[in-house]
Amino acid sequence: MLPTPSEAELELAGARLGELLLSRGWKLATAESSTGGLIGHVITLVPGASRYYVGGVISYSNQAKEVELAVPHDLITQHGAVSPEVAQGMADGVRTRFGVELGVAVTGIAGPEGGSREKPVGTHYVAVSLRGHPDRVEHRVLGHDREGNKAAAAMIAIELAIDEVRAASPGE
């Protein structure tokens, strides 16, 4: 199990992502469900984050995912709000809504309640939508308490975004 990241570790990761985005002249938007705005919080701990962070949507309910991020109702009904399909729909939706190069999304079950046999507490899907690149979704089952699951999911999202930005050619 991944250790629970501290706020300082999250802030450092957010700063690394910001440096990469600045070096490419790209902008970021976030769509958060189970992390409840933690990714946006971490990114905005860094002075000057407004140069690369446009904003985010906390889409905690299915209705918010549909209305604010244009995630199709049928997709949520068919796969569930905590699914790779919905995570990707959230990332694509926030990237499109804000007109940015990079959209990052998290959906999951932070706990301590809400899990099932198929999707236990700690289940998270993290998605990245980078304009002009194949979408990427990661699945993790985290084993922390509620706050630890939120922090770990936020770190996974930031690190996934860093990986995707690094893999893209700087001139794209």
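In helix H3, residues 62–69, the buried residues are Ala64, Lys65 and Leu69; buried means under 20% relative accessible area and exposed over 50%, with a 1.4 Å probe and protein chains only. These three cover an arc of only 105° around the axis, which puts them on the same side of H3; the arc is that of the directions from the helix axis to the C-beta atoms. As a general point, an α-helix has 3.6 residues a turn, so residues three or four places apart point the same way.

Please note that this is a predicted model, in which local features need pLDDT of at least 70, side-chain atom pairs count only at pLDDT 80 or more, and totals for chains, interfaces and linings use all residues. Residues are numbered from 1 along each chain as its sequence is written, and side-chain values use heavy atoms, with hydrogens and water left out.

What do the buried residues of H3 pack against? Their partners are strands E1 (28–32), E2 (53–58) and E3 (102–108), together with helices H4 (73–79) and H5 (84–98); a contact here means heavy atoms within 4.5 Å. On the face turned away from the buried side, H3 carries the exposed residues Gln63 and Val67. Alanine 70 follows H3 and has a positive phi, near 60°.

I turn now to the whole protein. It has six helices and five strands, which are DSSP runs (helices H or I, at least four residues; strands E, at least two) numbered from the N terminus. Of its 172 residues, 52% count as buried. Among contacts with a separation of 6 or more, 66% join residues 24 or more positions apart.
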